[in-house]
Amino acid sequence: MTAFSLAGQTALVTGANTGIGQAIAVAMGHAGAHVICAGRRSCDDTAALIDKAETMTLDFADPMAASDVFADRRIDILVNNAGIIRREDSVNFTEADWDDVLDVNLKAVFFTCQAFAKAALPRGSGRIVNIASLLSFQGGIRVPSYTASKHGVAGLTKILANEWAANGINVNAIAPGYIATNNTEALRADPVRNQAILERIPAGRWGDPEDIAETTVFLAAPASKYVTGAVLNVDGGWLAR
Ligand code: NAP
C-alpha cells in the first residue's frame, strides 16, 4: 500500500452530488476508500462512478444535521465541502442571506467536525479536510456572508488542528481558486469577467474540480501525516501574484 492509498478507509464527503464534492468523492474512491456520498439531493449519479460507495441525505439548512452520523460506525475521513454563496451590496445585505450562508458554510462545518471528533478522538486517528476559499484570505466584493464564513473556516481549521493533533486527528483546509463548476458558471459566461480572471491566474486556466479532488486525497492519505492546521491554496498561483 502506498502513502497515497486510502484502501481500508471510509470517507464521508458532503455536497457530493455535483462540482468539487463529486470530484472529491470519485477521487477518494479511486484511491481505494469506501465513500459515503452525502447531499441534500440524490447522490446516486456520484455513487454510480465509485466501486465502493453509498449515499446519505444530509441537508445543512439544519447545521446540526450530521450530529448522529458518526456515533454508530467508523468513518475515518470527513470532507466538509457543501457550501453556498449569496451576492448583494453589503449595504443592502439581508439577515436571511447572512444566516443561510453562515449556517451551511460555518456553523454546520463546526458541528460536523465536532460530531466526527467525538467518535474519532477515542480511536486516536482521523482526517478532516474543509473546503475554504480564496475569500478565506481576500475580501471579495458583494459577498459579505461568504467571506466571513470562509475566513471562519480557515480559523476553525487551525483551532481544531491545535486541539486534536495530539490525538491523531489532522485538520486541514483547501482554498480553491477559480474552479469551473455550477458555482462559477455566470463568471465564465461573462467574456469581460472571464478574461480578467484568466489574465490574473499565473497558470492561465480555470481549475478543474479534479485539481481540488487530488489535493484532498493527499490531505486524507498517510503521505500528509505531519500536515495539520494548513490552509492549502490550490489556485494556479492566484494568491502568489
Ligand atoms: P456547487 O457545484 O454549487 O456545489 C455546492 C455543493 O454544496 C452542492 O452539492 C450543494 O448541493 C451543496 N449544498 C448547498 N447547500 C447545502 C445544504 N443546505 N446542505 C447540504 N449540501 C448543500 O459548487 P462548488 O464550486 O462545487 O462548491 C463546493 C465548495 O467549494 C463550496 O464550499 C464552495 O464555497 C467552495 N469553493 C468553490 C470555488 C469555485 O471556484 N467553484 C472556489 C472556492 C471555494 P445542491 O446541488 O443541492 O445545491
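The side chains of aspartate 97 and arginine 86 are joined by a polar contact of 2.8 Å, where a polar contact is a pair of N or O atoms within 3.5 Å, and within protein one must be able to donate a hydrogen and the other to accept it, while residues adjacent in sequence count only if both atoms are side-chain atoms. This is a predicted model, in which local features need pLDDT of at least 70 and side-chain atom pairs count only at pLDDT 80 or more, whereas totals for chains, interfaces and linings use all residues. Residues are numbered from 1 along each chain as its sequence is written, and side-chain values use heavy atoms, with hydrogens and water left out.

Aspartate 97 is placed in helix H3, residues 95–123; helices (H or I, at least four residues) and strands (E, at least two) are DSSP runs, numbered from the N terminus. Aspartate 97 counts as buried because its relative accessibility is 18%, given that buried means under 20% relative accessible area, exposed over 50%, and partly exposed in between (1.4 Å probe, protein chains only). If neighbours within four places in sequence are left aside, aspartate 97 is in contact with Arg86 and Ser145, contact meaning heavy atoms within 4.5 Å.

Arginine 142 lies in the loop between strand E5 (126–131) and H4. Its phi angle is near 65 degrees, which is a positive value in a residue other than glycine, and with a relative accessible area of 36% arginine 142 is partly exposed.

An oxygen atom of the ligand is 2.8 Å from a polar backbone atom of asparagine 81, and a nitrogen atom of the ligand lies 2.8 Å from a polar backbone atom of phenylalanine 60.

Not counting residues up to four places away in sequence, serine 5 touches Ala31, Ala221 and Pro222. The C-alpha atoms of serine 5 and alanine 220 are separated by 9.1 Å, although these residues are 215 residues apart along the chain. The side chain of serine 5 also reaches the backbone nitrogen of alanine 7, at 3.0 Å.
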